[in-house]
Amino acid sequence: MRRSYMANQGGGYGYQDTSQMLEEENQQQEDELKGKVKALKSLSIDIGFEVKEQNKMLTKMDDDFESSGGLLGKTMGRLKAITNAGHWKIWLYIALFALFVFFMCWVIVRFR
């Protein structure tokens, strides 16, 4: 539509003006596209760095959970050994200590 309009103006010069106008338009769109590509490249590089950092953090967290799981397993093993040995005095002391802690918490909350 635009080409036919521009070609009809000024005889033989219309095609040259249209060609020049289209070339400028293409150059402008190319420049815009270059800017968008640069922005996308920068964004993808930033995402890559962030993913690497998150992977490091997840690996560290996994190691921490694994070590705490081992510690918890050992503790549960010790408690099981205590219960199997029949040390009823230790369980009585633990129960009395828990009651004392709850009583002290109740006193602090009640009279505060």
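Visitor: What pattern does the protein follow, read along the sequence?
Guide: The pattern is α-α-α, with 3 helices and 0 strands in the protein. Helices here are DSSP runs of type H or I with at least four residues, strands are E runs of at least two, and both are numbered from the N terminus. This is a predicted model, in which local features need pLDDT of at least 70 and side-chain atom pairs count only at pLDDT 80 or more, while totals for chains, interfaces and linings use all residues. Residues are numbered from 1 along each chain as its sequence is written, and side-chain values use heavy atoms, with hydrogens and water left out.

Visitor: Which element has the lowest mean pLDDT, and which the highest?
Guide: Helix 1 (residues 2-7) comes lowest at 50, and helix 3 is highest at 91. pLDDT is the predictor's confidence in each residue, from 0 to 100. Across the protein the average is 84, with 86% of the residues scoring at least 70. Where pLDDT is low, the predicted coordinates should not be read in detail.

Visitor: What makes Phe103 and Trp106 a tilted pair?
Guide: Ring centres must lie within 6.5 Å for rings of Phe, Tyr and Trp (its six-membered ring) to pair; planes under 30 degrees apart are stacked, over 60 edge-to-face, and the rest tilted. The centres of Phe103 and Trp106 are 6.1 Å apart and their planes stand at 35°, so the pair is tilted. The structure holds 1 aromatic pair. Both residues sit in helix 3 (residues 88-110), 3 residues apart, about one turn of the helix.

Visitor: Why does Phe103 count as partly exposed?
Guide: Buried means under 20% relative accessible area, exposed means over 50%, and partly exposed is in between (1.4 Å probe, protein chains only). Phe103 has 47%, so it counts as partly exposed. Trp106 gets the same label at 48%. Of the protein's 112 residues, 3% count as buried.

Visitor: How do you know that Glu30 forms a salt bridge with Lys34?
Guide: The rule asks for a side-chain nitrogen of Lys or Arg within 4 Å of a carboxyl oxygen of Asp or Glu. For Glu30 and Lys34 the closest N and O atoms are 3.6 Å apart, and a salt bridge is formed. Both lie in helix 2 (residues 13-85), 4 residues apart, about one turn of the helix. Glu30 is partly exposed at 38%, and Lys34 is partly exposed at 45%.

Visitor: How many salt bridges does a search of the whole structure find?
Guide: The search finds 2. Lys56 and Glu53 meet in a salt bridge at 3.9 Å, N to O. They are 3 residues apart in helix 2, and so about one helical turn separates them.

Visitor: Why is Lys56 called exposed, and why is Glu53 called partly exposed?
Guide: Lys56 has a relative accessible area of 55%, so it is exposed. Glu53, at 46%, counts as partly exposed.

Visitor: Which residues does the UniProt annotation "transmembrane region" cover?
Guide: That annotation, from an unreviewed entry, covers residues 90-109. UniProt annotations may be inferred rather than shown by experiment. In the model, the span is 100% helix and 0% strand, with its end C-alpha atoms 29 Å apart.

Visitor: What makes the nonpolar surface patch?
Guide: Phe97, Phe100, Val101, Phe103, Met104, Trp106 and Phe111 make it, covering about 790 Å². A patch takes residues with over 30% relative accessible area and no salt bridge, joining nonpolar side chains (Val, Leu, Ile, Met, Phe, Trp, Tyr) within 5 Å and like charges within 9 Å.

Definitions and conventions. Accessible areas come from the Shrake-Rupley method with a 1.4 Å probe; for residues, only the protein chains shown count as cover.
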